[in-house]
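Please have the sequence and the coordinates open while reading.

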Amino acid sequence: MKLASLKSGRDGRLVVVSDDLTGYTDATAIAPTLQRALDEWDRCGPRLRELSEALHRGQAPRQPFVEAECASPLPRAYQWADGSAYVNHVALVRKARKAEMPESFWTDPLMYQGGSDTFLAPHEPIPLADEAWGCDLEGEVAVITGDVRQGATREEALAAVRLVVLVNDVSLRNLIPGELAKGFGFFQSKPASAFSPVAVTPDALGSAWREGKLHLPLRVALNGQPFGQANAGVDMTFDFGTLIAHAAKTRDLCAGSIIGSGTVSNLGPDGGPGRPIRDGGLGYSCIAEIRTVETLMSGSPKTPFLRRGDRVRIEMLDEAGRSLFGAIEQVVAEPRR
């Protein structure tokens with residue numbers, strides 16, 4: 001089953017989307033918003049599935065689905081906690097900052113709590129007031145949970161996954177070192193993220209969803225050129241069950257909590273940093289990673305961070321080449337005044 005939120009008010013209007021992303025039917029008679037559906041999933045989930053089946057049988061009203069009309073599936077959320085499940089990415093980025101990586105990062109998930117009061121729409125511009133801030137894209141996978149009790153096991157946490165989405169977790173790289181030096185974590189360096197137009201139930205992902213991971217390439221393009229195609233199921237040190245359980249160690253998580261994977265990153269065949277796509281590698285899901293590789297190879301970074309006018313596209317295709325979540329497609333622009 002695939003769900004989306006069309007732009008309407010602050011929380012969107014819930015619709016059920018066809019598997020091929022060409023049509024939708026209104027679902028507000030079941031729940032006006034996705035958050036309401038998640039709050040009452042035991043009641044709403046089965047009814048939404050019935051509506052989805054009716055849409056595919058041609059027995060429900062159908063409208064053309066236009067990704068640009070979508071807000072993020074949850075236009076705002078009670079919680080957005082982003083992990084760093086691809087620890088090789090953490091190691092590379094920290095190396096760029098000349099920061100040592102504690103050995104515990106390989107056994108204890110790293111996670112920060114991001115701003116969730118407003119998310120960018122999947123086709124909304126990335127507002128950048130100052131290019132000197134070092135604006136970066138970060139292609140990720142995330143899950144949206146039901147209620148998770150404090151102290152949940154990995155298996156209980158994984159059973160609470162309701163939906164899967166893609167993320168562009170925008171980072172302002174040049175603001176990060178100063179913030180982290182204060183010892184209190186990210187804030188200004190992590191502006192609003194954007195999520196894919198469509199949220200997908202795990203069962204609709206078929207065999208690609210297994211062991212709490214999504215085993216498909218995450219396709220990232222920058223200014224129309226392939227930039228990354230790392231497989232989200234490979235080199236993921238912590239699966240989503242482990243990440244959710246980590247977040248719930250000392251607190252309950254309410255329905256509608258979003259837990260991110262962190263930047264998808266694959267090692268090269270030799271166990272070292274991956275190579276750019278132009279050199280036959282799988283590329284990267286963020287600019288910081290290629291800049292680190294460039295520094296290691298030639299002594300200095302060559303790929304610039306995002307500038308106004310740059311275009312970012314993040315998408316995932318199934319094995320038949322069909323878009324699963326729709327595309328995050330954003331241009332970097334001056335903030336609206």
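## Strand β19 and its partners

Val 143 has Ile 259 of β19 as its bridge partner, and β10 and β19 pair in the antiparallel sense over three bridges. Two strands are called paired here if DSSP finds at least two bridges between them, while the elements themselves are DSSP runs numbered from the N terminus, with helices being H or I of at least four residues and strands being E of at least two. Strand β6 (residues 79–83) also pairs with β19, in the parallel sense and over four bridges, and within that pairing the bridge partner of Gln 79 is Ser 257.

The side chains of β19 divide between two directions, with Ser 257 and Ile 259 pointing one way and Ile 258 and Gly 260 the other, yet all are buried. Buried means under 20% relative accessible area, exposed means over 50%, and partly exposed lies in between, with a 1.4 Å probe and protein chains only.

## Basis of the model

This is a predicted model, in which local features need pLDDT of at least 70 and side-chain atom pairs count only at pLDDT 80 or more, whereas totals for chains, interfaces and linings use all residues. Residues are numbered from 1 along each chain as its sequence is written, and side-chain values use heavy atoms, with hydrogens and water left out.

## Overall fold

The secondary structure of the protein comes to seven helices and 21 strands. The C-alpha atoms fill a box of roughly 60 × 45 × 40 Å along the principal axes. For 337 residues a compact globule would have a radius of gyration near 20 Å, and the 19 Å of the protein agrees with this; the radius is taken over C-alpha atoms, and the globule rule is 2.2 Å times the number of residues to the power 0.38.

Of the 337 residues, 55% count as buried. Among the contacts with a separation of 6 or more, 71% are accounted for by residues 24 or more positions apart, a contact being heavy atoms within 4.5 Å. The protein exposes about 14,800 Å², of which carbon and sulfur atoms supply 50%; accessible areas come from the Shrake-Rupley method with a 1.4 Å probe, and for residues only the protein chains shown count as cover.

## A five-stranded open sheet

Five strands form an open sheet with mixed pairing, in the order β8-β21-β20-β17-β18. Strands β8 (126–127) and β18 (225–228) stand at its edges with a single partner strand each, so one side of each is left without a neighbour in the sheet.

Strand β21 (residues 328–333) pairs with β20 (residues 311–315) in the antiparallel sense over four bridges, and Ile 314 stands opposite Ile 328 of β21. With β8 the pairing is parallel, through two bridges, and here Ile 126 has Val 332 of β21 as its bridge partner. In a regular strand the side chains alternate between the two faces of the sheet.

Asn 223 counts as partly exposed because its relative accessibility is 40%.

## Helices and loops

Helix α6 (residues 240–247) is mostly covered, as six of its eight residues are buried, namely Phe 240, Gly 241, Leu 243, Ile 244, Ala 245 and Ala 247. The cover of these buried residues includes β7 (111–113), β10 (139–145), α4 (154–159), β11 (161–168), β15 (209–210) and β19 (257–260).

In helix α2 (residues 41–57) lies Ser 52, which counts as buried at 7% relative accessibility. Leaving aside residues up to four places away in sequence, Ser 52 touches Met 1 and Val 16.

Leu 21 is found in the loop between β2 (13–17) and β3 (23–26), and has a positive phi of about 65° although it is not a glycine. Leu 21 is buried, with a relative accessible area of 10%. By contrast, Asp 117, in the loop between β7 and β8, counts as exposed at 59% relative accessibility.
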